[in-house]
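Please read them with the structure open.

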Amino acid sequence: MIAIDDAYVDSAAPNADAAKNGRGLVAKNKMANLHISDDGNLIFGECQGSGKLPYKISCDFTRADQPTHRCNCPSRQLPCKQCLALMYAYGQKKPFTVAEVPLDLQAKREKLTARVEKKAVDAETPKVVNQAALGKKIQAQLSGIDVLEKLTHDLVRLGIGNMNAKLAADVEKQANQLGDAYIPGGRSALHRYTQLFSDEDGKFTDQTGGKAERIHTEALDQLCRLHAIIKQGRAYLSKRLEDPALPVPTDTAIAAWLGHAWQLAELKAAGLVEANTELVQLAFNSHDDRARQEFIDTGIWMTLGNGRIRVTQTLRPYKAAKHIKSEDSFFQVACVKDLCVYPGGVNPRVRWDAMLPRPAEPKDLATIRGHGQTDFAAAIKEVKGSLKGALADKTPILALNFITIGRVDGTFVAEDAKGERLVLTDLGMAEEPASCHLLPLLPDEALSGQTLIARFRHDLTTRKLQIKPLSIVTTNAVVRLTL
Amino acid sequence: MSIAVLNQVYDEASRLAVAGSVVAQGDFRLKKLLAPLDTAGAKAPVFAKVADCVRAVVEGPENKSAESLLELTSIVSAVLYTQGETGLAGTLERIETTDLGGAMVQTSARLLKPLLEALTSTGSGRIELVKDAFERGAFRDLRLVRAALAGLDDPYSEIAEFLMKNVLPTYGQSILQELRNSYDPKGTKGHPRRLKLMHNADPVGARELVVQALDVGSKEVRVAAISCLRAKEDLSFLIEQASAKAQDVREAAYQSLSTLDEPEAVALFAKAITGKDHLHAIQSIVQGKSEKLATLLIAEVRSGIAELPTLKDKKIISERATRVTYLLRALPDKDHAATDSLVLELFKNRAEIAKVKGENYSGSDVVEEVIRSLSNGSKSLQLVIAHAHAEFDADGLNTSVGAATQCLSPTDMYDQFAPYLTAKTDAKKKGKDGTTAKREAVIHAICGYRNYWYWRNENRTEFDPRWLDLAVKIQSVSLIHTVGRANHPATEAFLRAEFDAKIKTAKDHNPLQEIVFAMVRFQHPYATDALLAAVGKISGKNRYELYYYMRLISEMPKSAIPQLEAFVPTLKDGEADRWLEAIQELRDKK
């Protein structure tokens, strides 16, 4: 049995309210018949709800890094407040008596064990795909690509400058068909285009001057991206139509752009797994992506073993947002047995289904600092190489070991040991709050000889490659500058 | 690589994309770039590829224009992405950092985000969140600085004022640049606050902005700027503003003028405090700096007092008495010999002054103000009023006790006033001898005007220990609240007996509540049981008293938590939630 305390349960809670309600159930004496199994890996009991019969709850720690919570309440939150209450009760040393695991629960545990074993076997066995159905799906996707192409070309013919509210609404309406054609990525890309012209409230606004110019540049870049999705998507789908047995490619992100949702098993099957990794979160942000109609919690992590910076993304669609655990900043070290890495460029997305936390130590910070790039020129070369891909992540993140962060004519600049400089900026990264203004508020020592976690961005209007500071890793802390 | 031509191609392609690709065919500006592209293409194939794409745009069929234009833009931008300009020439200067003072914290997103939303949105319940975050030190997170600054414009002025007075000053001069960047002299709402903050943090540096605000600022900013003027060189301007049409401008000018010890300012006040605007002028006086102004005010009080008995019209008496009272309030509070001498003189003549009767304000009201000045004045003045207790009725006695608690030793204070509590009432006079009223006045003065639920353990006045024995003797729970202490057997026995008697019969919960509060505050061994018994009487009955009992939980020892938690199941759901929150507050208490 792992050590359970209030902090552990707090972090397992899907949100702050669930944690509060869970504690409340314990305090209100709603818990009864609290038991623990012989082997100490299962706690179970009952929780009185508003109904006649109590809810039956259990928390199974057979897989310590991936506990199973069971409850017959109707909540879609996982773990629900009753399971949290059970863990709080255990953590607060309420009396749990050793008891035999009830038969129904035993059956469920056995089923789970069987399922895990089957999953392991399934992972080894090649998946049988219904070729006819897949063929139909690909055909539908190709038709969707035709629709996407028509819409994109119509927009180009009409001109970015002639965009108006009615047209934007029409395009968004037609773009919704793409979801039915199994290319939600194309739909999102079109929405992202139309939303460039709208304000924070989603209302279409006429812009003039420099702001209009920036929007037009962004719009053209987005159209080029749509063009690439169409071109690469059609090539990929046509190839797959000829041979549906072809695996999803891992050397390009086109499948993800078209909306392919990678399963962990798929990633494992494709060999995109790193074993026994440790990750430290360097930055975190949570934003509302209106184009995707989702809240996105993004964690920016470094794998301590190889120093690569990866991102985690928890997507919470508006409709299901309250049922999905919102992520929080993570200040410990995540120990992950199987780290699944999505296909991608400089900062691929990662996922895991089991993790054990451990406290962060100074040596972890030293490791992060050790992985920082000391030569800015090499880092710039790497970034530029990745940016030229039409579907590449246009704002890659790197760790840079700087000698000084200072000012040149009022502009913030980071300089490496060879005197190579990168200009710091807040512009154009709307999903993260501005951070440069925080630099003068940092202690002097944070601005020399530290590691900067920086997001690169090439501004097509000014043709400049600049960086946005996300965090500064010093010898004793990760100072987060964004949220 | 000739990047200039690629930049030109990108610019032309952008222009066409903005205008619409239907006009791209035959575009002469794009066509003009073919020649240099072809030349460069002979050396580098990528230019040749770009040239092909340009041809497809300008020479290709109209129905392919969109595709061709996107193809061209894609290839050119892919190249340009690899050519982004980095670096910046010039001398690298160190950043002038500002110490925010104290340790900084890193708050988790789950806490930080709601707070940021509270500071950047509208709606109810935000001020509590902001105040709570301030008390918990969350504003020590760097990332909140900008939101706190933006909060100066909050439509709910209570939040903006709270940030200005409490949160932002803790950042010192480090926020000056941000304040300056977002400051608009023509603005309203947050901009006067910005100006005041900048002036408070750096009076010299903000001088230029203050002067600018006076010239071009909005009315609100000008008023703020006027209140920032405190230099001799501002004198003539302030004098001018003192006759402005707008009352708030005049008041701000008076306020600043009253801090200048200049003959011109005093001359202006000499006129203003006798004119139509006299009440505003007097009320705006900031006490302290100007000796000349103090002399003027003293002279005005003297002449005003001398005039009162000569007046016949009650309405005019009322007006003049009011004016004298305001003048008294504007006098320097402490350590001013001339003022002390004046109020002592007025106190001696109080009987004469009190005889003057006005319509709705009389000489007696002026005397009350004189007594208030004495009790708030220097120690020598307070001693005068403390020793004069025998001459006062119940009201005066109240003020005398108030002064005595500040200027007498606890022993002297007890010896002087304890007899009022033990004095025997003459039954024949049925209370008309004032004994009861004076006893109540003394208790009231010692206990203050605050109710027992506002009681705080900090900064309590030191009382002679005999007061507590006396409080038990006369069975005054209110007095026990003020003079009480823990581990006093007589008090514990009395409170327990009182509680047992009241819990059985009390319909009015206030006396019971007062006893429970005293038990909790003086760590009575039975306090937790008493609280639970009292709450048990009212739980589920939607009684407001429950709120006060729950507030009391945070004052209990943490050892009471298990007993308090065990009580939760007996409460209704809503009550239980609030009870749990109170327990959590106790648990979080350091």
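**Notes on the two-chain model**

1. Start with a strand pair in chain A. Tyr55(A) in β3(A) is the bridge partner of Cys47(A). Strand β2 (residues 42–47) and strand β3 (residues 55–60) of chain A run antiparallel, joined by 6 bridges. Two strands count as paired if DSSP finds at least two bridges between them. Strands (E, at least two residues) and helices (H or I, at least four) are DSSP runs, numbered from the N terminus.

2. Some ground rules. This is a predicted model, in which local features need pLDDT of at least 70 and side-chain atom pairs count only at pLDDT 80 or more, while totals for chains, interfaces and linings use all residues. Residues are numbered from 1 along each chain as its sequence is written, chains are lettered from A and ligands numbered from 1 in the order in which they are written, and side-chain values use heavy atoms, with hydrogens and water left out.

3. The chain A sheet. An open sheet of 5 strands has the order β4-β3-β2-β1-β5 in chain A, with mixed pairing. β4 and β5 (97–98) each have a single partner strand, so one side of each lacks a neighbour in the sheet.

4. β13 (residues 404–408) and β14 (residues 411–415) of chain A pair antiparallel over 5 bridges. Their hairpin has 2 residues between the strands, and Asp409(A) takes a positive phi near 50° there. Which residue of β14(A) stands opposite Arg407(A)? The residue is Phe412(A). In β1(B), the bridge partner of Arg407(A) is Glu93(B). β13(A) and β1 (residues 93–94) of chain B run antiparallel, with 2 bridges between them.

5. The interface. Counting heavy atoms within 4.5 Å as contact, 73 residues of chain A and 65 residues of chain B take part. The buried area between the chains is about 5900 Å², and carbon and sulfur atoms give 59% of that. On the chain A side, Arg157(A), Leu441(A) and Arg463(A) lose the most area to chain B, together 13% of what that side buries. Buried area is the accessible area (1.4 Å probe) that two parts lose on being put together, summed over both.

6. Salt bridges. The rule asks for a side-chain nitrogen of Lys or Arg within 4 Å of a carboxyl oxygen of Asp or Glu. That gives 55 salt bridges over all chains. Between chain A and chain B the count is 5. Lys231(A) forms a salt bridge with Glu71(B), the closest N and O atoms being 2.9 Å apart. Within chain A, Arg457(A) meets Glu218(A) at 2.5 Å, N to O. That pair links distant parts of the chain: Arg457(A) is in strand β16 (residues 451–459), Glu218(A) is in helix α8, and they are 239 residues apart.

7. The second largest pocket. Its volume is about 1700 Å³. On a 1 Å grid over the protein atoms alone, a pocket is an open set of points with protein on both sides within 12 Å along at least five of seven lines, whereas a cavity is a set where a 1.4 Å probe fits but cannot get out; lining residues have an atom within 4 Å of a point. Grid points are joined across faces, edges and corners, and volume is the space filled by probe spheres set on them. The pocket has 47 lining residues; Gln263(A), Leu264(A), Ala265(A), Glu266(A) and Ala269(A) lie nearest its centre. α4(A) gives the most to the lining, with 8 residues.

8. The largest cavity. There are 4 cavities of 30 Å³ or more, and the largest holds about 110 Å³. Its lining has 13 residues, with Leu328(B), Pro332(B), Asp333(B), Thr339(B) and Ser373(B) nearest the centre. α19 (314–330), α20 (337–348) and α22 (363–376) of chain B each give two or more residues to this lining.

9. Backbone points to check. Most residues other than glycine have a negative phi, and most peptide bonds are trans. Tyr182(A) has a positive phi of about 60° and lies in the loop between α6 (165–180) and α7 (184–195) of chain A. A cis peptide bond joins Leu78(A) and Pro79(A), with omega about -5°. Pro79(A) lies in the loop between β4 (68–71) and α3 (81–91) of chain A.
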